[in-house]
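Trainee: Could you take me on a close look at one buried spot in this model and whatever you'd compare it with?

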Amino acid sequence: MVKRLSIFPLTGALLFPGLQMPLHIFEPRYRALVSDALARDRRIAMIQPQKPVEGAPLFQIGCVGRIGDVEALEDGRYNVVLEGESRFRVIRELEVTTQFRQIEAELLEQPEDEFLSSIERASFEREAKRFADAQGYSVDWDSVTRLDDVSLIDGVSQIAPFDPAAKQALLEANTLNERCELLVQLMQFFARRDGDDDRVTLQ
């Protein structure tokens, strides 16, 4: 299905179908974007720009979110919670007179009934524990074990402290199994630290 979408290009921010993203909206153009979305279908398309500069070209894959909770502040700012609905592929950017950018995009079908094998799940959890320990993160592993496979893999993909290129690769992975395998590889890659430089990047 092809749709016209209003976009919020934000470096380092990923949204996955079925997950939520809280946003604090303060720039005038994005306040206009939220106001327009609330007056229409409550939908905003999240996508990363290829560079963190004004008007930068966009990556090809993003995710449409529907505004769930919304708090309109007195000074015109918003606090919103986006609920991920569907990934999309950019067809072209449109010439518009609105303050915010708009695109024509193809909505991508969401795979159903995806799951990991017991070996894949165990391998992922083992690598996730190593990565969390190395980074000094405190994780409630009992809660993690109760998550279904999709919520676990997509949830970690959404919040993982990787660079924008790595996060984009996760969003573009077509299947849960591919995303899980890539996550394991990325955790191993980003766990490497150079003594004087604690930042590892794929870019």
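Mentor: Start with aspartate 149, which counts as buried because its relative accessibility is 14% (buried is under 20% relative accessible area, exposed over 50%, partly exposed in between, with a 1.4 Å probe and protein chains only). Bear in mind that this is a predicted model, where local features need pLDDT of at least 70, side-chain atom pairs count only at pLDDT 80 or more, and totals for chains, interfaces and linings use all residues. Residues are numbered from 1 along each chain as its sequence is written, and side-chain values use heavy atoms, leaving out hydrogens and water.

Aspartate 149 sits in helix 4 (residues 149–159); helices (H or I, at least four residues) and strands (E, at least two) are DSSP runs, numbered from the N terminus. Its side chain reaches the backbone nitrogen of leucine 116 at 2.7 Å. Not counting residues up to four places away in sequence, aspartate 149 touches Phe115, Leu116, Arg121 and Leu176, where contact means heavy atoms within 4.5 Å.

Beyond four places in sequence, the contacts of serine 6 include Leu33, Asp36 and Phe100. Leu33 is also one of the buried residues of helix 1, and strand 1 is among the elements covering those buried residues.

Key
Polar contact = N/O pair within 3.5 Å; in protein donor to acceptor, adjacent residues only side chain to side chain.
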